[in-house]
Amino acid sequence: MGSDHYFSSQPSTPEKRREVNVVLADRPLTVVTAGGIFSPDGVDKGTAVLLAEAPAPSATGNLLDIGCGWGPIALTMALRSPEATVYAVDVNDRSIALTRDNASRLGLTNVVAGTPDSVDAGVRFSTIWSNPPIRVGKDELHSLLLAWLPRLAEGGDAHLVVQKNLGSDSLQRWLAAELPARFPELAFTVTREATHKTFRVLRVHRAR
């Protein structure tokens, strides 16, 4: 994508949509993607690890995908938990439109895609899954996680996939220190739940 980062709100590259065959929730599906977003050629390695390693999302309530791209995480949660409402957020307008269109193509009426500001501040989430945008920089990444992780419902879990060489271990240490210090009343714990080649899956749990 050159200088046209997937975390730009308005990608400068022309939108040329194409169909891509993927497997989500153990189902072969055809989705639409385009340039100017994250992983336009299909399910990236990190997301594939997250989808394989994370436990089943909550069957009901509100679920969250932070940085939805064309929607692989949100669509998987919606397929696995049809009675839940899945919020898919991104700063990239093209990603939001693609996630909405892919949900519509698959008949998933329980996906709500939009910008972070579009989600009501009172909404709490039973499950959060994310392949977070590490390349936005440490400060922005930390701000992003501090904005969303405290919105876990009681007993809720967040699972994040991060590549080791992009700082997964340091991020785990930071979360384990920062979340309890900033939000002692929420009783957070942070653990590494899985390792797959160069990827780590981190779990953030909020006690009941």
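Contact here means heavy atoms within 4.5 Å. The model is predicted: local features need pLDDT of at least 70, side-chain atom pairs count only at pLDDT 80 or more, and totals for chains, interfaces and linings use all residues. Residues are numbered from 1 along each chain as its sequence is written, and side-chain values use heavy atoms, with hydrogens and water left out.

**Nonpolar cores**
- Leu-24 and Trp-70 touch the most other members of the largest nonpolar core, which has 36 residues; such a core is a set of buried Ala, Val, Leu, Ile, Met, Phe, Trp, Tyr and Cys residues joined through side-chain atoms within 4.5 Å.
- Helix α2 provides the largest share of this core, 6 residues.
- Leaving aside residues up to four places away in sequence, Leu-24 touches Leu-29, Val-43, Leu-51, Trp-70, Pro-72, Leu-75, Thr-76 and Leu-79.
- Another core, of 28 residues, lies apart from it and includes Val-123, Leu-141, Trp-148 and Val-204.

**Helix α2**
- Helix α2 (residues 72–80) is largely enclosed by the rest of the structure, because 8 of its 9 residues are buried (under 20% relative accessible area, 1.4 Å probe, protein chains only).
- Helices are DSSP runs of H or I, at least four residues, numbered from the N terminus.
- The buried residues of α2 include Pro-72, Leu-75, Thr-76 and Leu-79, each of which is also touched by Leu-24.

Notes
Buried means under 20% relative accessible area, exposed over 50%, partly exposed in between (1.4 Å probe, protein chains only). Helices (H or I, at least four residues) and strands (E, at least two) are DSSP runs, numbered from the N terminus.
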